[in-house]
Each structure stands twice: as C-alpha cells, then as structure tokens.
Amino acid sequence: MNTDVIPLVVAFTPNYFVPAATCLYSIFENMQMDARLHIICLLSEELPERLKQKIQQIGGECFRYSFVNLKGRLQDIYVDAKYTEAASYRLLLPDLLPEYEKVMYIDCDMIVRNDLARLYYSTDLETHYLAAVFEAPVDFQIEHLKAIGCAPSEYINSGFLIMNLELMRRDGMVAKFIEASKADYLEFPDQDVLNQLCQKRILGLPPYYNSIRTFYLPQYKRFFLQQYTEQDWKEVHQHGTVHYTGAKPWNHFTVEFQLWWQYYEQLPEEIKEEWQTNKKIHFLSGLYRTSLGALMINGGQSLYRKLKYR
C-alpha cells in the first residue's frame, strides 16, 4: 500500500476547470503541515494537454497529478437532470485506486479553509466506511430522506469524504453502489446511495469541514442547532470550508461569494485566461474588497434577510 502521499480526488469536466483549480489552490494555501498530495483528477472527457499542464502549477512540489478519463464507465446508472455522470465517479474509487487504503474526495465547488493533510492523518476510520459531515436537514428535506430509508439526523453531504477503500473493497461495495444507483427516485444520486448503503458506518466530522449553504444563513440556524452547537456555528463562520451548494459564486451573489473570488484572484494568469468571467459578478467582487463596498453590500443583504424572514 502507498503510505507516502495523501490521495485527494476531484472530478470535473473542462468547463469546470477554473473552479477546480480554485478549489485546489485553496487546499494548498491552507496546508500547514509538511505533506505531499496525489491529486487524482477524474474526467468525463479527455482534458486538453494545455489544461493539464496549467493546473499542475498549483501545489508545486507538494502536489503530484494524475488524470483518469472515466467516460462511459457508468452508463447504466440513473443520472438526475441537475447532475452529471461525473458526480457519481466517487462510487468507483475503491476499485479504481487499489494502491490506497483510504482517500479524500472533494467537490470542486468548494473553498477549503482547513488543513486537509492534518485531518487525513488524524482520522482513524476503523470499521467505518466513510468520514463526512452530517447535514442539518430543513423541513422540506425530511420526507425525501425518510423515503430513501435514511434517518434525517444521520444524512451526510457527499461533497467532502474520507473513504475507507480497503474496507469497501473487502465488502464489495462498488457493485452494491452501482446497483443502487439505477433507482430513478434518487434526488441526489451518489449522495443518496452512499447514505443508504453506508448508514451506521459513517464517522461524523465537525461541520466546518464541509459547510454547506444552509450552515451560513441565519434563517436556518435553528435547524443547524438541532444537529450541532453554538460553538460549531461560530467555527463554521470563522474558518468553515465553504461548499457552494446551490448558486455558484462565479455566477451569482451567494453566501461567502467574496471568499471564492479572493482565491480566484490569486490563481496564475495562465489559468484565469481559460475562462470568461461573469463581468457583473466580477465587478461586485472587486467592490466588496473595498471597505465602503463591503459595508453597502452587507447592509443591503442584512436588510433583505430581515424583510424576507421576519
């Protein structure tokens, strides 16, 4: 088994190249301990050579990259119109990476503000299939979670995972994942399947390792506190890894949108030139970086929320 490097998996298509690069840059910037990562990029189509070369600028000698084209590997599963086949590639990892005992997986629509290397080395999965962050479901989600056989308080978000590949291989989980993925009632295909088949074998992580949209919005705080504590809420807002579920900060003004742009602006110019930014949102991000702009935007946002949720 390979124990010298930390395997970290991302899955993306060429049109998600810049968000993927931004996510990886945030991971590198927040690594505090001396570690080397093997970045395994799962692709639904071949990535042009120039993009492979450009993304490898991120991480320097700390990051080593591999690119795996999985086009057509999951033809028989159900894919909801909101998602792509690539979203379910994480289900293949136990068989895809036989050289590793455990692996981290992260969605590309995230900005990391914690040391993932330290987390990887300190997490002992033992008999758990996964380590992940449990969501704090709101009322309208409960019916679906119960319908797929999951306890609402034990439902994880699959955007960030530490996966026990060795145990999953031993228990033949990949075949079970693929079979379960054929059901056409799944709302969040890979996520629902992982919750169904791994329930009671999931190690909960602090919510700041995968802080989804509702963890930041005050109108959902009461649901958060049914799952977590006031201290957890504070830590999410202080240094939570932001998962932009829902609206994406490169297209919309959303929670912590300025944080995404902060990391984007630090990317090498060769990467940024691969993308045409949304000019209005880009301008708004620049305005937010000024004291007056931040005051105006935060004030307007606060007033909007008070009027809408009073």
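Glutamate 126 is exposed, its relative accessible area being 57%. In this predicted model, the residue belongs to the loop that runs between helix 4 (116–122) and strand 6 (130–134). Its phi is positive, at about 50°, although glutamate 126 is not a glycine. Most residues other than glycine have a negative phi.

A positive phi also occurs at glutamate 256, another residue that is not glycine, where the value is near 50°. Glutamate 256 is found in the loop between strand 9 and helix 11.

Apart from neighbours within four places in sequence, threonine 254 is in contact with Arg213, Tyr244, Ala247, Lys248 and Pro249.

The buried residues are Phe257, Leu259, Trp260, Trp261, Tyr263 and Tyr264. The elements that cover them include helix 1 (17–29), helix 12 (269–272) and helix 13 (279–288), together with strand 5 (110–111) and strand 9 (242–243).

The axes of helix 1 and helix 11 are 9 Å apart, and the two helices pack at an angle of about 85°. Helix 1 is therefore roughly perpendicular to helix 11. From helix 1, the residues Val18, Pro19, Thr22, Tyr25, Ser26 and Glu29 meet Trp260, Tyr263 and Tyr264 of helix 11. By class, the residues of this contact between helix 1 and helix 11 are six nonpolar, two polar and one charged.

Helix 13 packs against helix 11 at an angle of about 95°, with the axes 10 Å apart. Helix 11 and helix 13 are therefore roughly perpendicular to each other. Here Phe257, Gln258, Trp261 and Tyr264 of helix 11 meet Ile281, His282, Leu284, Ser285 and Tyr288 of helix 13. The contact of helix 11 with helix 13 comprises six nonpolar and three polar residues, with no charged residues. Tyr264 takes part in the contact with helix 1 and in the contact with helix 13.

## The buried face of helix 10

Helix 10 spans residues 230–239, and its buried residues are Asp232, Trp233 and Val236. Viewed down the axis of helix 10, these buried residues fall within an arc of 105°, so they line one face of the helix. An α-helix has 3.6 residues a turn, so residues three or four places apart point the same way. The buried residues of helix 10 pack against helix 9 (221–227).

## Cysteines without disulfides

The structure holds zero disulfides. Cysteine 23 is in no disulfide, and the nearest cysteine sulfur, that of cysteine 108, is 5.7 Å away. Likewise, cysteine 108 is in no disulfide, and its nearest cysteine sulfur is that of cysteine 23. A disulfide requires the two sulfur atoms to be within 2.5 Å.

Are these cysteines buried or exposed? Cysteine 23 is buried, with a relative accessible area of 0%. Cysteine 108 is buried as well, with a relative accessible area of 4%.

Methods
Residues numbered from 1 in each chain as written. Predicted model: local features only at pLDDT ≥ 70, side-chain atom pairs only at ≥ 80, totals over all residues. Heavy atoms only, no water. Buried < 20%, exposed > 50% of the residue type's maximum accessible area, 1.4 Å probe, protein only. Helix = DSSP H or I, 4+ residues; strand = E, 2+ residues; numbered from the N terminus. Contact = heavy atoms within 4.5 Å. Axes fitted to C-alpha atoms, helices over the stretch in contact; angles between N-to-C directions. Parallel < 35°, antiparallel > 145°, perpendicular 65-115°, else oblique. Nonpolar A, V, L, I, M, F, W, Y, C, P; charged D, E, K, R; others polar. Arc of directions from axis to C-beta.
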